[in-house]
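Please look over the sequence and the three-dimensional structure below before reading on. The paragraphs that follow lead through them step by step.

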Amino acid sequence: MKIGSRTEKVERTLERFAKLEFYATQAATLESRMLRTASRSLRTAIATRAATNKAHPFTRVPLDQVLPGFEKAAEQSSSSSNSIGSKKRDPFDAELSTLDNGLRVASQPAHGDFVTVGVAIESGCRYEGEHKKGVSHLLERLAFGSTPRRSADEIFAAMDKSSAIIDCQSTRDTTIFAASCHRSGVEEILEIIADAALRPSLLDEEIEAAKLTIEHENTEMRLRIESEPLMTDWLHQFHEMISPHARSQPEKSKRIVLLIGILEIEEGRAAFKNNTLGFSKFTRTEDAAAMTRDDVIKFLRAHHTPKRMTVSGVGVEHDELVGFSRRFFVESSAALPAGTPPVDGSRAQYTGGEVREQADLSKVGAGTPYPLLAHLSLGFEGVGYKDEDFVTFCVVQSLLGGGNSFSAGGPGKGMYTRCYVDVLNHHHWMYGCQAFNHSYADAGVFAVNASAPPEGIGYALQVVLDLLLRLTEGAAKEELDSTT
């Protein structure tokens with residue numbers, strides 16, 4: 001290669017680099033000009049907004065007041081949101097009717113295209129005294145299966161058409177079948193709810209599937225890091241002593257102490273010893289396996305009757321809801337199956353007591369950031385939701401609040417409640433502390449659950465006890481205002 005040609009190539013390359021540098025400089029200059037222009041525009045916009053705010057101080061109007069100049073629009077919006085059809089109503093102004101068959105129908109106005117409907121039934125584990133234990137749990141797992149009117153696939157198709165969400169849940173004395181759906185599908189969805197509550201087909205394959213679900217839940221529940229479902233159940237029930245180390249103690253107590261993960265079972269008394277609310281909410285796997293379709297039908301026919309039901313709707317016209325309920329919630333004219341026990345109407349008898357159970361929880365949190373924990377629950381007799389002190393108990397529960405050390409968030413998550421401020425913030429070794437208010441028709445249990453390392457569970461009990469005793473000192477008005 002000649003020297004001259006090589007020199008020419010070098011010169012051309014240098015020339016390209018010079019052009020690139022020129023373009024880069026031009027781009028930087030243009031970017032700087034754009035930023036200066038944008039900055040001037042931003043300053044102008046801020047100055048204009050400030051001047052506007054001085055003339056129309058919308059940003060200084062409290063959220064509970066109407067913006068100046070919008071009084072008429074606010075009045076029209078309030079009138080529209082508080083009315084359904086041609087009737088004007090106040091918020092939370094529920095209507096209640098009782099049909100000839102004893103069915104109660106309640107409705108409440110709400111604005112929007114979607115509504116919520118459901119039925120609450122006086123049914124649950126507290127009524128299993130003369131029935132197979134756990135039958136209400138099995139019945140809950142059978143909810144929204146096939147019915148004489150529709151197969152399970154047809155029920156899902158109807159849900160899809162109305163954009164519906166259906167669910168069945170129960171407490172110890174109430175079972176609820178409910179759905180949220182578009183307003184146009186209320187009639188069909190309420191008919192599905194009525195059939196599920198009163199006329200399920202209870203096919204053999206559905207019953208077997210429900211039993212498998214219960215078996216899986218029982219296995220999974222004892223492997224959970226959070227022990228609240230089991231703790232709550234044991235807090236209420238008579239705990240059968242199955243440990244070879246079990247020994248009874250004669251003294252009685254009006255408190256309830258549950259200690260899980262330490263020592264052996266020492267006593268079998270809990271809140272409601274072997275009566276009504278003391279029956280377990282969960283079916284044991286072996287009991288579910290032995291249960292038959294006749295067992296389920298006897299419990300359903302005895303307790304799922306219109307006079308023990310309340311149909312409710314939010315966003316549904318009351319007269320329309322009454323009409324649908326009269327058509328769909330019809331009691332069966334057939335006689336009860338032979339051998340069906342009568343409904344147990346006895347009151348819950350609070351006994352108090354103590355349960356301790358030894359458990360190896362070392363593998364529960366394996367592979368997770370959760371530490372090895374023991375759990376306790378300290379409870380006292382509460383009140384039912386019909387009691388005049390029910391609201392007071394709810395306020396106390398909100399005052400204590402609580403959660404666990406892994407919770408995140410601000411005041412909306414209860415981070416300023418006493419269980420956080422006075423317990424978890426001062427005792428870093430405690431994993432969780434939370435208050436619960438369990439209320440039923442004629443009784444209740446108020447409890448505080450806590451979790452800590454096994455070697456510190458005794459001191460955790462003292463901390464919880466001190467938390468409850470300080471309630472006798474009252475609460476400042478500011479604290480109550482933030483709670484309510």
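A pocket is an open set of grid points with protein on both sides within 12 Å along at least five of seven lines, and its lining residues have an atom within 4 Å of a point. The model shown here is predicted. In this model, the second largest pocket has a volume of about 370 Å³. Its lining consists of 19 residues, and those nearest the centre are Glu122, Tyr127, Tyr385, Lys386 and Ala441. Sorted by class, the lining of this pocket holds 9 charged, 6 nonpolar and 4 polar residues.

Of the 484 residues in the protein, 41% are buried. The protein exposes about 27,200 Å², and 55% of this area is supplied by carbon and sulfur atoms. Among contacts with a separation of 6 or more, 77% are between residues 24 or more positions apart.

The pairing of strands can be followed through S4. Strand S3, residues 95-98, and strand S4, residues 104-108, run antiparallel and are joined by 4 bridges. Within this pair, Thr98 stands opposite Arg104 of S4. The hairpin that S3 and S4 form has 5 residues between the strands, and in this hairpin Gly102 takes a positive phi near 95°. S4 also pairs with strand S9, residues 309-314, but here the sense is parallel and the number of bridges is 5. Arg104 takes part in this pairing too, with Thr310 as its bridge partner in S9. Arg104 therefore has a place in both pairings, because two strands pair if at least two bridges are found between them, and it faces Thr98 as well as Thr310.

How many cavities of 30 Å³ or more does a search of the whole structure find? The search finds 3, and the largest cavity has a volume of about 40 Å³. This cavity is lined by Ser123, Ser136, Leu139, Glu140, Thr175, Phe177, Phe299 and His304. Helix H3 (135-141) and strand S7 (175-182) are the elements that give two or more residues to this lining. H3 provides the largest share, 3 residues. The classes in the lining are 4 polar, 3 nonpolar and 1 charged.

Phe144 is found in the loop between H3 and helix H4 (152-161). Although Phe144 is not a glycine, it has a positive phi of about 60°. Is Phe144 buried or exposed? Phe144 counts as buried because its relative accessibility is 9%, and the limit for buried is under 20%. Ser163 lies in the loop between H4 and strand S6 (165-170). Ser163 is likewise not a glycine, and its phi is positive, at about 50°. With a relative accessible area of 45%, Ser163 is partly exposed.

Finally, Arg418 belongs to helix H12, which spans residues 418-424. The relative accessible area of Arg418 is 8%, so this residue is buried. Leaving aside residues up to four places away in sequence, Arg418 touches Leu399, Leu400, Val423, Leu467, Arg470, Leu471, Gly474, Ala475 and Glu479.

Notes: Residues are numbered from 1 along each chain as its sequence is written. This is a predicted model: local features need pLDDT of at least 70, side-chain atom pairs count only at pLDDT 80 or more; totals for chains, interfaces and linings use all residues. Side-chain values use heavy atoms; hydrogens and water are left out. Buried means under 20% relative accessible area, exposed over 50%, partly exposed in between (1.4 Å probe, protein chains only). Contact means heavy atoms within 4.5 Å. Accessible areas come from the Shrake-Rupley method with a 1.4 Å probe; for residues, only the protein chains shown count as cover. On a 1 Å grid over the protein atoms alone, a cavity is a set of points where a 1.4 Å probe fits but cannot get out, and a pocket is an open set with protein on both sides within 12 Å along at least five of seven lines; lining residues have an atom within 4 Å of a point. Grid points are joined across faces, edges and corners, and a volume is the space filled by probe spheres set on the points. Ala, Val, Leu, Ile, Met, Phe, Trp, Tyr, Cys and Pro count as nonpolar, Asp, Glu, Lys and Arg as charged, and the others, Gly among them, as polar.
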